[in-house]
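Please walk me through this structure in running paragraphs, with the cut-offs behind each term given as it comes up.

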Amino acid sequence: MSKFIVTTFDWVPDVPRGYVRDIRLRWALEEAGLPYDVASTPFENRKDPHFSKQPFGQVPWLTDGDVTIFESGAILLYLAERSNALMPREEQGRIETIEWLFAALNSVEMATVPWSIFMFSGDTADTPGRKSLDDFVASRLLHMEQVLTKREWLAGEFSVADIVMSDALRLVDRFNSLEEHEACREYISRATNRPAFLKAYKDQIEFYASADTKRNA
Ligand SMILES: N[C@@H](CCC(=O)N[C@@H](CS)C(=O)NCC(=O)O)C(=O)O
């Protein structure tokens with residue numbers, strides 16, 4: 001079996017370190033014990049070879065022999081088809097993994113990412129648009145709190161849905177905005193204390209630390 005290749009940026013500023021989405025791929029591959037290498041593409045001055053792999057000029061993408069696949073959710077489903085550690089094999093567990101993976105991306109992250117852009121920018125202007133976004137995020141968190149009060153993992157056992165959902169919620173927690181969401185916080189803690197996450201996180205931090213060293217040499 002050839003090794004999977006995870007491609008990420010060759011360097012990123014400090015703020016996204018530990019959160020660059022290649023972490024989802026690293027985490028899944030570590031959970032599954034699948035061998036992989038990490039390759040890089042320039043963060044600055046993105047050129048055509050990059051856009052041919054990821055049409056938005058973003059990362060990550062995964063290479064598996066002749067196959068290249070972009071979008072972290074699609075990549076995780078691709079990997080989940082290849083490992084019992086990433087998705088239950090019985091029908092109900094498979095369905096729940098797929099629906100919760102899409103929910104993480106399309107119902108939670110689609111609210112939390114624009115919200116985080118405001119938070120990172122320091123824009124605290126009290127505008128109607130901002131209030132709507134805050135209310136939208138609050139509603140998603142309220143419902144996730146109710147769900148996570150009742151279950152340890154979204155599809156019964158740990159799956160790729162938990163990788164994406166906990167990663168999306170981790171971004172909210174970064175701004176201490178889960179203080180009233182104990183079940184969400186405990187879920188993030190369960191997920192991010194898994195050895196596979198800890199390894200993926202450490203590797204990403206070290207990858208960019210060594211990129212700094214090369215840049216400053
Ligand atoms: N929906 C994409 C989002 C990828 C994404 O936002 N990647 C960020 C890094 S975490 C990126 O490439 N940012 C640079 C940019 O958008 O120009 C996925 O989940 O793969």
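The shell of residues around the ligand is made up of 2 nonpolar, 3 polar and 2 charged residues, where Ala, Val, Leu, Ile, Met, Phe, Trp, Tyr, Cys and Pro count as nonpolar, Asp, Glu, Lys and Arg as charged, and the others, Gly among them, as polar. These residues are Val 20, Arg 21, Gly 57, Gln 58, Val 59, Glu 71 and Ser 72, a residue being taken as near a molecule if its C-beta atom, placed from the backbone, lies within 6 Å of it. The model is a predicted one, in which local features need pLDDT of at least 70 and side-chain atom pairs count only at pLDDT 80 or more, while totals for chains, interfaces and linings use all residues. Residues are numbered from 1 along each chain as its sequence is written.

One member of that shell, Val 59, is joined to Pro 60 by a cis peptide bond with omega of about 10°, and Pro 60 itself is found in the loop between helix 2 (48–53) and strand 3. Helices (H or I, at least four residues) and strands (E, at least two) are DSSP runs, numbered from the N terminus. In the loop between strand 2 and helix 2, Asn 45 has a positive phi of about 55° although it is not a glycine.

The strands form an open sheet of 4 strands in the order 2-1-3-4, with mixed pairing, two strands being paired if DSSP finds at least two bridges between them. Strand 2 (36–41) and strand 4 (67–70) are the edge strands, each pairing on one side only, and the twist averages 25° from one strand to the next. Strand 3 (residues 61–64) and strand 4 run antiparallel and are joined by 4 bridges, with Asp 64 standing opposite Val 67 in strand 4. These two strands form a hairpin with 2 residues between them, and Gly 65 in the turn has a positive phi of about 60°.

Which helix of the chain is found to cross helix 6 (residues 160–173) at roughly 145°? The partner is helix 1 (residues 22–32), whose axis comes within 10 Å of that of helix 6; axes are lines fitted to C-alpha atoms, for helices over the stretch in contact, and angles run from 0 to 180 degrees between N-to-C directions. At this crossing Arg 24, Trp 27 and Ala 28 in helix 1 meet Val 160, Ile 163, Val 164 and Asp 167 in helix 6, contact requiring C-beta atoms, placed from the backbone, to lie within 7 Å. By class, this contact has 5 nonpolar, no polar and 2 charged residues.

Note on methods: Contact = placed C-beta atoms within 7 Å.
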